[in-house]
Amino acid sequence: MASMTAPRARSTALAPYLLLLPALAATLLLLGWPLVKNGLLSFQNLNMRQLIQHLTEWNGIGNYQDVLASSDFWRVTVRSVLFTGANVVLIMVLGTLVGLLLARLGKRMRLTLMIGLVLAWAMPPIAAVTVYKWLFAQRFGVVNWVLDQLGFHSMADHNWLATQFSTFAVVTLLIVWQSIPFVAINLYAATTTIPKELYEAAALDGAGAWQSFTSVTVPFLRPFLYATTFLEIIWVFKAFTQVFAINEGGPDRLTEILPVYAYIEGFGNQHFGMGSAIALLTIVILLGLTAYYLRIVLKQEEDEL
């Protein structure tokens with residue numbers, strides 16, 4: 001019996017790992033190999049001549065030296081960090097407010113609002129960009145028409161994509177609009193897990209609405225807010241589609257963030273090795289930002305304990 005039990009115990013212990021093998025294999029194939037290939041390209045001098053002649057010219061860390069020595073790279077990096085920070089703050093604040101509103105509404109209004117949120121969330125990014133470009137079009141845009149009707153006649157022919165600030169304003173509005181549903185719906189789901197007895201106990205202790213929110217609601221929602229903020233940092237930092245599709249990083253490349261910068265340097269200027277180096281440095285910077293954020297979160301949790 002003992003000899004039969006041992007193999008069965010081993011097979012039971014191995015079962016979770018065997019179930020993970022298909023997902024692990026798919027991850028290595030779909031993500032691991034492209035990452036390795038990109039890493040190899042970053043150490044090559046690769047342009048159209050090498051592609052046509054099937055040449056492989058290794059230049060070591062030359063691409064990385066050129067990128068790190070470029071003031072454009074550091075300018076785009078700072079811009080990307082500030083852009084990500086501004087968007088994540090807006091997304092989390094507005095998404096939290098909408099999520100708390102969902103918890104307060106009646107069933108019909110909640111269902112109506114959730115349908116609207118899901119529709120906004122499910123819209124493909126390119127379709128959303130097309131709608132926003134129409135809304136903010138210079139000659140026939142709805143926004144300019146509304147502003148003109150309200151008396152702001154100087155805005156009747158305003159070009160929203162002519163300056164860095166206004167272009168980023170349109171992109172930020174688009175990204176925040178598409179991101180709020182994820183935060184709001186998940187926050188509402190988190191509020192449903194809070195025991196009502198805690199609110200009743202807080203009311204018996206004389207706590208008002210704000211005190212109940214800070215002492216009961218916030219502690220329960222804090223892990224969710226940490227996790228959602230982490231996901232939003234990753235999502236916004238690599239928001240290539242919205243930024244590129246709105247104005248291709250213009251005007252004058254003033255709205256490029258790191259993913260757009262890597263694409264334009266790699267494919268637009270046909271410096272494929274340089275683009276690969278920028279892409280890998282983008283991953284490193286994103287890992288650094290998320291590691292710094294997780295360190296802050298873990299330190300706060302240790303202080304609370």
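The largest pocket is lined by 25 residues, and Asn 38, Pro 259, Ala 262, Gly 275 and Ala 279 lie nearest its centre. The model is predicted: local features need pLDDT of at least 70, side-chain atom pairs count only at pLDDT 80 or more, and totals for chains, interfaces and linings use all residues. Residues are numbered from 1 along each chain as its sequence is written, and side-chain values use heavy atoms, without hydrogens and water.

A pocket is an open set of points on a 1 Å grid over the protein atoms alone, where a 1.4 Å probe fits, with protein on both sides within 12 Å along at least five of seven lines; lining residues have an atom within 4 Å of a point. The largest pocket holds about 690 Å³ of space. Helix 1, helix 10 (209-237), helix 12 (258-268) and helix 13 (272-304) each supply at least two lining residues. Helix 13 gives the largest share, nine residues. By class, the lining has 18 nonpolar, six polar and one charged residues.

The second largest pocket has a volume of about 490 Å³. Its lining numbers 14 residues; Ala 103, Arg 104, Thr 191, Tyr 199 and Thr 217 lie nearest its centre. Helix 10 supplies the largest share here, four residues. Seven lining residues are nonpolar, four polar and three charged.

Leu 14 sits in helix 1 (residues 2-41). This residue counts as partly exposed because its relative accessibility is 49%, and partly exposed lies between buried (under 20%) and exposed (over 50%), with a 1.4 Å probe and protein chains only.

Key. Points joined across faces, edges and corners; volume = space filled by probe spheres on them. Nonpolar A, V, L, I, M, F, W, Y, C, P; charged D, E, K, R; others polar.
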